Amino acid sequence: VLQALAERGAQVLDLEAAACHKGSLLGAWPGVPQPSQKHFETRIAAALEACDPSRPLYVEGESPRIGRIALPQSLVERMRAADCIEIRATPEARLAYLLTDYAYLGDDREALAERLAGLKEMQGKETVQRWQQWAREGALPLLFGELMALHYDPHYERSQARHFHAWAARRSVEVTALAPQDIDAAADAVLDER
């Protein structure tokens with residue numbers, strides 16, 4: 001949605017692009033190292049310097065870390081104090097999108113299984129072993145469906161409500177699918193509600 005907003009002339013700060021990471025446990029870009037902390041901060045500073053402070057700036061509500069990169073604390077504080085927009089999609093639409101966007105994770109099944117080991121403390125040994133088995137089998141629909149339902153959704157729900165001060169007053173944009181035309185429609189809806 002951020003990319004679609006930028007295509008429409010909106011000001012966007014894409015922190016994940018600057019960090020070369022999707023921000024989640026499984027978010028490392030294949031074959032692309034993250035920049036140094038200094039290089040990341042330079043990218044952010046350059047993007048912010050190009051912004052018009054009289055216009056809205058759209059940014060994804062990231063946690064203080066994206067992979068191994070730390071966001072500047074002042075940026076985290078500003079994001080957490082900002083107005084919030086939630087893009088809401090059905091679990092089926094989100095799963096279909098994830099299966100496309102993270103399909104490369106199935107290329108190295110053992111590496112995927114090993115990354116999942118980091119969730120044992122939060123999710124329990126039995127659950128993670130099941131996920132690791134699905135990873136090794138290449139059963140990404142089962143794996144991603146449970147990761148969304150049992151890990152990411154509950155975690156993000158708690159985190160958004162706890163950290164983003166205006167979360168309770170957020171605007172919601174509903175989408176029923178996440179194909180390119182649906183993402184474009186979501187961007188249009190965000191801009192229409194300004």
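This is a predicted model: local features need pLDDT of at least 70, side-chain atom pairs count only at pLDDT 80 or more; totals for chains, interfaces and linings use all residues.

Trainee: How many salt bridges does a search of the whole structure find?

Mentor: The search finds ten. One of them joins the side chains of Arg88 and Glu174, with N to O at 3.2 Å. That pair links distant parts of the chain, since Arg88 lies in strand β5 and Glu174 in strand β6, 86 residues apart.

Trainee: Is Glu174 buried or exposed?

Mentor: Glu174 is exposed, at a relative accessible area of 58%. Arg88 counts as partly exposed, at 38% relative accessibility.

Trainee: Which salt bridge does Arg94 form?

Mentor: Its partner is Asp153, and the closest N and O atoms are 2.4 Å apart. Here helix α5, which holds Arg94, is linked to helix α9, which holds Asp153, and the two residues are 59 residues apart in the chain. Arg94 is partly exposed, with a relative accessible area of 23%, and Asp153 is partly exposed as well, with 27%.

Trainee: And what does Glu114 meet in a salt bridge?

Mentor: Glu114 meets Arg136, at 3.7 Å from N to O. As for networks, salt bridges that share partners join Glu86, Arg88, Arg170 and Glu174 into one.

Trainee: Changing topic to α8, then. How many residues has it, and what does it reach from its first C-alpha to its last?

Mentor: Helix α8 covers residues 125–137, so numbered as a DSSP run, and has 13 residues. It reaches 18 Å, close to the 18 Å expected at 1.5 Å a residue.

Trainee: Which residues of α8 are buried?

Mentor: Thr127, Val128, Trp131, Gln132, Trp134 and Ala135 are buried. They are on the same side of α8 because they cover an arc of only 160° around the axis. On the other side, Lys125 and Glu126 are exposed.

Trainee: What covers the buried residues of α8?

Mentor: The cover includes α6 (109–116), α7 (120–123) and α9 (140–163).

Trainee: What follows α8?

Mentor: Gly138 follows, and its phi is positive, near 75°.

Trainee: Finally, which residues does UniProt list for the domain "tRNA 2-selenouridine synthase AAA"?

Mentor: The unreviewed UniProt entry lists residues 9–104. Over that range the chain is 40% helix and 16% strand, and the end C-alpha atoms are 31 Å apart.

Note on methods
Residues are numbered from 1 along each chain as its sequence is written. Side-chain values use heavy atoms; hydrogens and water are left out. Helices (H or I, at least four residues) and strands (E, at least two) are DSSP runs, numbered from the N terminus. The expected span of a helix is 1.5 Å times one less than its number of residues. Buried means under 20% relative accessible area, exposed over 50%, partly exposed in between (1.4 Å probe, protein chains only). The arc is that of the directions from the helix axis to the C-beta atoms. Contact means heavy atoms within 4.5 Å. UniProt positions are given in the numbering used here, feature names are shortened, and annotations may be inferred rather than shown by experiment. A salt bridge is a side-chain nitrogen of Lys or Arg within 4 Å of a carboxyl oxygen of Asp or Glu.
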